[in-house]
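Work through the exercises below with the model open beside you. Try each task before you read its solution.

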Amino acid sequence: MTKPLFYAFAALAMLSACAEPAAQRMGPDGRPVPAVYRITGSDVAQIQVRMRDSINTVRGQQGLSPVELNAQLTSAAATHARDMSVQSRPWHFGSDGSSPIDRVQRVGYQGQFLGELISETFETELETLTAWLGQRETRSVLMEPRMREIGFAWHQESNGKLWWTLTTGAPAEMAGMPGR
């Protein structure tokens with residue numbers, strides 16, 4: 001692991017430490033009882049901003065430009081997160097055969113689609129981001145120099161299972177421009 005990437009992970013750990021800690025329940029055996037990470041409607045904006053800010057912290061440490069949330073990319077991400085739950089499998093194709101490119105076009109995104117990250121988990125958004133940063137293929141999507149916009153959404157099932165989708169793009173005026 002490179003030194004800048006180590007610092008990026010350290011910064012992400014510090015950001016996650018800022019989140020309000022949940023009270024831990026103990027079972028009859030004295031061991032912690034796992035808690036389900038529940039997301040309410042009032043948490044949506046806070047979670048999306050926390051994800052954006054965390055990505056920007058890591059990108060900034062790599063000398064990359066920050067990203068902003070984009071409503072159209074978020075709409076495409078939300079559609080796919082729910083559809084993965086319906087299909088009960090994490091993959092990049094919709095139940096109607098749609099690709100990530102199809103979904104961003106359907107919502108009217110005029111920029112250039114760059115990538116999509118997905119996850120099926122019971123983990124928080126920051127734990128999911130840490131996992132994405134830990135894999136070369138998914139980290140490269142997050143560190144794409146042309147990326148300036150993200151859409152981030154999820155679908156949570158009644159059992160607490162989360163289906164996360166992050167969609168990335170470059171504004172239309174940047175399409176075709178080299179990175180950094």
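This is a predicted model: local features need pLDDT of at least 70, side-chain atom pairs count only at pLDDT 80 or more; totals for chains, interfaces and linings use all residues.

Residues are numbered from 1 along each chain as its sequence is written, and side-chain values use heavy atoms, with hydrogens and water left out.

**Exercise 1.** Find what caps the N-terminal end of α3, and what follows the helix.

Solution. Start with the element itself. Helices (H or I, at least four residues) and strands (E, at least two) are DSSP runs, numbered from the N terminus. Helix α3 covers residues 71-87, 17 residues in total. From first C-alpha to last, α3 reaches 24 Å, close to the 24 Å expected at 1.5 Å a residue. The expected span is 1.5 Å times one less than the number of residues. Next, the ends. N70 is the N-terminal cap of α3, with a side-chain oxygen 2.8 Å from the backbone nitrogen of Q72. After α3 comes S88, whose phi is positive, near 60°.

**Exercise 2.** Is T165 buried or exposed?

Solution. Locate T165 in strand β4. Its relative accessible area is 0%, so T165 is buried (under 20%; exposed is over 50%, partly exposed in between, with a 1.4 Å probe and protein chains only). Now look across to α3. The buried residues of α3 include A77, H80, A81 and M84. T165 is in contact (heavy atoms within 4.5 Å) with residues including A77, H80, A81 and M84. β4 (162-170) is among the elements covering the buried residues of α3. Finally, a polar atom of the T165 side chain lies 3.5 Å from the backbone nitrogen of A81.

**Exercise 3.** What does the side chain of N56 reach?

Solution. N56 lies in helix α2. With a relative accessible area of 17%, N56 is buried. Leaving aside neighbours within four places in sequence, N56 is in contact with P66 and V67. The C-alpha atoms of N56 and P66 are separated by 5.0 Å, though these residues are 10 apart along the chain. The side chain of N56 reaches the backbone nitrogen of V67 at 2.6 Å.

**Exercise 4.** How do α2 and α5 lie relative to each other?

Solution. Two packed helices are described by the angle between their axes and the distance between the axes. The axes of α2 and α5 (residues 125-133) come within 10 Å and cross at roughly 30°. The two helices are therefore roughly parallel (angles under 35 degrees). Residues making the contact include I47, M51 and V58 of α2, and L126, L129 and W132 of α5.

How values were computed: A polar contact is a pair of N or O atoms within 3.5 Å; within protein, one must be able to donate a hydrogen and the other to accept it, and residues adjacent in sequence count only if both atoms are side-chain atoms. Axes are lines fitted to C-alpha atoms, for helices over the stretch in contact, and angles run from 0 to 180 degrees between N-to-C directions. Angles under 35 degrees count as roughly parallel, over 145 as roughly antiparallel, 65 to 115 as roughly perpendicular and the rest as oblique.
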